[in-house]
Amino acid sequence: RAGYWDTNAIADEWHMYLKSYFRQGGEQRLQPIFLPFLANATTGDTLWGSLVARYRQTFRHAWGAKEISYAVDQFMQRSRMPFGPTVTLISRVAHDNILAGAGWALLFFGAQMPMLLNSTWTRAHLLTAPFLLLNASLGVITLLTLIFWIIDQRIRPSHPDHWTPPKKRHIQLIEVASLVLVAVVTVICVALPVLHSQTWLMLGKSIRFRVTAKT
């Protein structure tokens, strides 16, 4: 009833969900199916190759920003769509796509703006409630990150038998160090390819589907 897959879009489950939702006038219900799955990481022969593969995959995923205009266009064409649920759905689509690129800049640069724009005022208000709440929030996020990492270490499957204990400790040390590099990795593997992809979309350029190497 929804008309199957569109041929003019790199479509995934989001696009098919939206297309079905609008074709059904919002009368759509999902039935979850709980199945085991295997997710593989993007990879390359070298560190640079792995970064390029991750960049390209994020670039392709970010092409999903087209769903924002698609959803708005479908909403404007149909007069009997449920207003509240549809606006919520469009907001969710926009949130997921916009913050993927803008989120890093807002979090990284936005945190520095008070000090850069008015350092005197910022120093005078460092012990006020808003700044204390902000620092407490960052502390909670950092603590939760460490807790989730520890839980992941405890429940993940064991390494293959041919891995020796020194190698296991070496990998764990790299993972701890990677927490410090989250901001750097995020801008390279998330923010930049998302902005790159969405700029191409805005300029009307097309992309082709590239299968990403995984292991």
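This is a predicted model: local features need pLDDT of at least 70, side-chain atom pairs count only at pLDDT 80 or more; totals for chains, interfaces and linings use all residues.

User: Which residues make up the largest nonpolar core?

Analyst: That core has 12 residues: Leu18, Tyr21, Phe22, Ile68, Tyr70, Ala71, Phe75, Met81, Leu89, Ile90, Val93 and Ala94. The elements giving two or more residues to this core are α1 (13-23), α3 (66-77) and α4 (83-108). As background, nonpolar side chains in soluble globular proteins tend to be buried together.

User: OK, take α3 and α4. At what angle do their axes cross?

Analyst: Roughly 165°, and the axes come within 9 Å. Since angles over 145 degrees count as roughly antiparallel, that makes α3 roughly antiparallel to α4. The crossing of α3 past α4 is left-handed.

User: And which residues meet there?

Analyst: From α3 you have Glu67, Ile68, Ala71, Val72 and Phe75, and they meet Phe83, Thr86, Val87, Ile90, Val93, Ala94, Asn97 and Ile98 in α4. By class, the residues of that contact are 10 nonpolar, 2 polar and 1 charged.

User: What about α1 and α3, roughly parallel or roughly antiparallel?

Analyst: Their axes cross at roughly 5° and come within 10 Å. That makes α1 roughly parallel to α3. On the α1 side the contact uses His15, Leu18, Lys19 and Phe22, while α3 brings Glu67, Tyr70, Ala71, Gln74 and Phe75. That contact divides into 5 nonpolar, 2 polar and 2 charged residues.

User: Switching over to α4 and α9: how far apart are the axes?

Analyst: They are 8 Å apart, and the two helices pack at an angle of about 130°. α4 and α9 are therefore oblique to each other. α4 passes α9 in a left-handed crossing.

User: Who's in that contact, and how many charged residues does it have?

Analyst: Asn97, Ala100, Gly101 and Trp104 come from α4, and α9 supplies Ala183, Thr186, Val187, Val190, Ala191, Val194, Leu195 and Gln198. The contact has no charged residues, with 8 nonpolar and 4 polar ones.

User: Now Ala62. Buried or exposed?

Analyst: Ala62 sits in α2 (residues 47-62). Its relative accessibility is 6%, so Ala62 counts as buried.

User: What does Ala62 touch, then?

Analyst: Leaving out residues up to four places away in sequence, Ala62 touches Asn97, Pro193, Val194, Ser197 and Gln198.

User: Then Met202, where's that?

Analyst: Met202 is in helix α9 (residues 182-202). Met202 counts as exposed because its relative accessibility is 65%. Met202 and Ala65 are 137 residues apart in sequence, with 9.7 Å between their C-alpha atoms.

How values were computed: Residues are numbered from 1 along each chain as its sequence is written. Side-chain values use heavy atoms; hydrogens and water are left out. A nonpolar core is a set of buried Ala, Val, Leu, Ile, Met, Phe, Trp, Tyr and Cys residues joined through side-chain atoms within 4.5 Å. Buried means under 20% relative accessible area, exposed over 50%, partly exposed in between (1.4 Å probe, protein chains only). Helices (H or I, at least four residues) and strands (E, at least two) are DSSP runs, numbered from the N terminus. Axes are lines fitted to C-alpha atoms, for helices over the stretch in contact, and angles run from 0 to 180 degrees between N-to-C directions. Angles under 35 degrees count as roughly parallel, over 145 as roughly antiparallel, 65 to 115 as roughly perpendicular and the rest as oblique. A crossing is left-handed if the near helix is turned anticlockwise from the far one by less than a right angle, and right-handed if clockwise. Contact means heavy atoms within 4.5 Å. Ala, Val, Leu, Ile, Met, Phe, Trp, Tyr, Cys and Pro count as nonpolar, Asp, Glu, Lys and Arg as charged, and the others, Gly among them, as polar.
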